[in-house]
Amino acid sequence: SSSSSDDDTTSTNTNDNTNTIPLTNNDEPSSDSNKSSSSSTSHSQSQLQTQKIEEEIKLPVLLNLALAAYKLGTYTKSHKFCDFALDMESGRQSVKAHFRRGSVRMMMGDYEDAERDLDRALTLSDGRIERSEAGKEEEDGDDG
């Protein structure tokens, strides 16, 4: 039975592109032979689109990991996830990232840094932090 599974693996891997999923909306095949300069421009645009998508996905994932670690009481882990999020360009402007790190720092007893993070969250929100951000998160969590 092990030889038949080897045969199955060989037959399904004949085309390397069958298991890849493109991250762009490019449905047309590229024509490298016709336009080499536009192809390299298209390739760099595709890379930029991929990087942008990765950035958009990474921040909410890191913030969710931070919240999960916080709720589990693993504050050092939660703090690290917040730091990773705040190292990102979009994270530096994120009310949630600053709020979560401030909350974690409070639980860790680092009140001065917690106050700075929470003040930054308040500044970024233009004073619009309401119970929906501060209280709801503690009750039921969220997805980003």
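## Contacts along the chain

Two residues are in contact when they have heavy atoms within 4.5 Å of each other. Keep that in mind as you look at this predicted model. Take the contacts in the protein chain with a separation of 6 or more: residues 24 or more positions apart account for 56% of them.

## The overall picture

What is the chain built from? There are 8 helices and 0 strands in the protein chain. If you follow the sequence, you will read the pattern α-α-α-α-α-α-α-α.

The protein chain has 144 residues, and buried ones make up 24% of them. Its accessible surface comes to about 10,300 Å². Carbon and sulfur atoms hold 49% of that surface.

## Two helices side by side

Now let's look at one pair of helices. Two packed helices are described by the angle between their axes and the distance between the axes. Here the pair is helix H3, residues 75-87, and helix H5, residues 95-107. Their axes come within 9 Å and cross at roughly 155°. H3 is therefore roughly antiparallel to H5, because angles over 145 degrees count that way. The crossing of H3 past H5 is left-handed.

Which residues meet where H3 and H5 touch? From H3 come Tyr75, Ser78, His79, Cys82, Asp83, Ala85 and Leu86. Their partners in H5 are Ala97, His98, Arg100, Arg101, Val104, Arg105 and Met107. Sorted by class, this contact of H3 with H5 has 7 nonpolar, 3 polar and 4 charged residues.

## A closer look at Thr76

Thr76 is also found in helix H3. Is Thr76 buried, exposed or partly exposed? With a relative accessible area of 49%, Thr76 is partly exposed, because the label "exposed" is kept for values over 50%.

Thr76 and Ala66 are 10 residues apart in sequence, and their C-alpha atoms are 9.6 Å apart.

## A closer look at Glu55

For another example, find Glu55 in helix H2, which covers residues 36-71. Glu55 is partly exposed, with a relative accessible area of 32%.

What does Glu55 touch, leaving out residues up to four places away in sequence? Its partners are Met88 and Ser90. Gly91 is 36 residues from Glu55 in sequence, and 9.6 Å separates the two in space, C-alpha to C-alpha.

Terms used: Residues are numbered from 1 along each chain as its sequence is written. This is a predicted model: local features need pLDDT of at least 70, side-chain atom pairs count only at pLDDT 80 or more; totals for chains, interfaces and linings use all residues. Side-chain values use heavy atoms; hydrogens and water are left out. Axes are lines fitted to C-alpha atoms, for helices over the stretch in contact, and angles run from 0 to 180 degrees between N-to-C directions. Helices (H or I, at least four residues) and strands (E, at least two) are DSSP runs, numbered from the N terminus. Angles under 35 degrees count as roughly parallel, over 145 as roughly antiparallel, 65 to 115 as roughly perpendicular and the rest as oblique. A crossing is left-handed if the near helix is turned anticlockwise from the far one by less than a right angle, and right-handed if clockwise. Ala, Val, Leu, Ile, Met, Phe, Trp, Tyr, Cys and Pro count as nonpolar, Asp, Glu, Lys and Arg as charged, and the others, Gly among them, as polar. Buried means under 20% relative accessible area, exposed over 50%, partly exposed in between (1.4 Å probe, protein chains only). Accessible areas come from the Shrake-Rupley method with a 1.4 Å probe; for residues, only the protein chains shown count as cover.
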